[in-house]
Amino acid sequence: MNVHQNIKLIDGKATSARVLAEVREQVLALREAGIQPGLAVVLVGSDAASQVYVRNKVLRAEEVGIRSLEHRLGADTDEQTLLALVQRLNADPSVNGILVQLPLPPHIDEHRVLQAVSPLKDVDGFHSANVGGLAQGRDVLTPCTPSGCMRLLRDACGDLRGKHAVVVGRSNIVGKPMAALLLQADCTVTVVHSRSRDLPALCRQADILVAAAGKPRLIGADWLKPGAVVIDVGINRIEEDGRSRLVGDVDFAAALPLAAAITPVPGGVGPMTIAYLMKNTLLALDLQQQAALARPSQEHAPCLSLC
Ligand code: NDP
């Protein structure tokens with residue numbers, strides 16, 4: 001956190017650089033043992049934003065020494081072809097993480113594809129085995145954005161136990177896993193959404209406010225308890241004063257004087273997402289190694305499928 005000149009910015013760029021440095025160090029140690037982690041990124045179609053995300057993920061992987069394998073498929077790729085590719089990647093021991101860039105074209109069943117990814121290679125944490133594992137508080141692969149938010153919160157607040165966290169948004173990729181991670185960290189958690197009544201009053205109870213609604217500057221000063229820690233996940237492009245700019249779900253200028261600490265947009269949560277994708281790739285490798293050790297050899301498990 002940057003407290004210089006009373007600026008209470010939670011610097012996602014600096015924290016993500018630290019996370020990536022940790023990953024790089026682990027990759028170097030693995031290399032000494034003759035192992036290079038691999039991340040496969042699958043992109044279907046030519047959505048402009050997705051192309052940028054995929055390029056950034058591949059670049060970041062290369063920077064930290066993770067082998068990246070890019071699979072670009074045409075927009076008219078059928079579901080069976082995509083599922084067959086996912087199965088090949090599941091079976092490939094040099095691939096430790098598989099990321100299918102969303103959204104997929106409308107003729108492909110997104111859920112079916114995400115369910116086809118091996119839960120041990122599911123670096124996005126979207127497979128229902130991992131979603132369920134997170135709900136049960138088990139050590140599983142968890143979605144990158146909320147995991148990155150947790151790192152920012154731990155760095156900013158230290159002990160999170162007993163704090164009241166309010167999460168604005170209940171999507172499967174941000175709001176719900178964020179709430180589960182905060183609960184796991186012993187916070188008292190309230191999740192609010194578009195049908196919640198009196199949002200400002202609910203948000204004013206928050207020691208920690210996580211905004212993930214996708215609505216530019218939804219959260220103003222009157223939604224905040226003085227001294228709250230604010231994590232703004234929102235990324236919204238708006239036109240203002242004849243310029244295109246990115247803003248969060250929080251009115252940053254209004255919140256800054258009130259908050260104990262706050263993430264800017266851009267430069268807050270955004271860089272943490274890719275950093276946690278890299279971290280998850282190493283975690284996936286570790287989980288695969290543990291699974292291989294735990295797996296009984298064939299001759300010792302003749303009736304496993306019958307038991
Ligand atoms: P979704 O659109 O999937 O979900 C938005 C959630 O916010 C929904 O649960 C919705 O409620 C709720 N919501 C919408 N409007 C309001 C409102 N006025 N008051 C209260 N709740 C509201 O979005 P995502 O979760 O995918 O993303 C949220 C934001 O985070 C977006 O701006 C996205 O760009 C950004 N994002 C940033 C990432 C990063 O790396 N920094 C990564 C992923 C997302 P309901 O369920 O009732 O419809």
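Colleague: How many Å from an oxygen atom of the ligand does a polar side-chain atom of serine 171 lie?

Modeller: The distance is 2.5 Å for serine 171, within the limit for a polar contact, a pair of N or O atoms within 3.5 Å (within protein, one must be able to donate a hydrogen and the other to accept it, and residues adjacent in sequence count only if both atoms are side-chain atoms). A polar side-chain atom of serine 194 also lies 2.5 Å from an oxygen atom of the ligand. Isoleucine 235 uses a backbone N or O atom, 3.0 Å from a ligand oxygen. Of the ligand's own 920 Å² of accessible area, the protein covers 70% (Shrake-Rupley method, 1.4 Å probe).

Colleague: What should I keep in mind about the model itself?

Modeller: This is a predicted model, where local features need pLDDT of at least 70, side-chain atom pairs count only at pLDDT 80 or more, and totals for chains, interfaces and linings use all residues. Residues are numbered from 1 along each chain as its sequence is written, and side-chain values use heavy atoms, with hydrogens and water left out.

Colleague: Which residues around the ligand come nearest?

Modeller: Arg170, Ser171, Ser194, Ile235 and Thr273 do, out of 22 residues around the ligand (a heavy atom within 4 Å). The shell has 10 nonpolar, 10 polar and 2 charged residues; Ala, Val, Leu, Ile, Met, Phe, Trp, Tyr, Cys and Pro count as nonpolar, Asp, Glu, Lys and Arg as charged, and the others, Gly among them, as polar.

Colleague: What is the overall fold content of the protein chain?

Modeller: The chain has 10 helices and 10 strands, taken as DSSP runs (H or I, at least four residues; E, at least two) and numbered from the N terminus. Its radius of gyration is 20 Å, close to the 19 Å that the globule rule gives for 307 residues, so the chain is as compact as a globular protein of that length. The radius is taken over C-alpha atoms, and the rule is 2.2 Å times the number of residues to the power 0.38. Along the principal axes, the C-alpha atoms fill a box of roughly 65 × 45 × 40 Å.

Colleague: What is the phi of aspartate 186?

Modeller: Aspartate 186 has a positive phi of about 70°, although it is not a glycine. Its place is in the loop between α7 and β5 (188-192).
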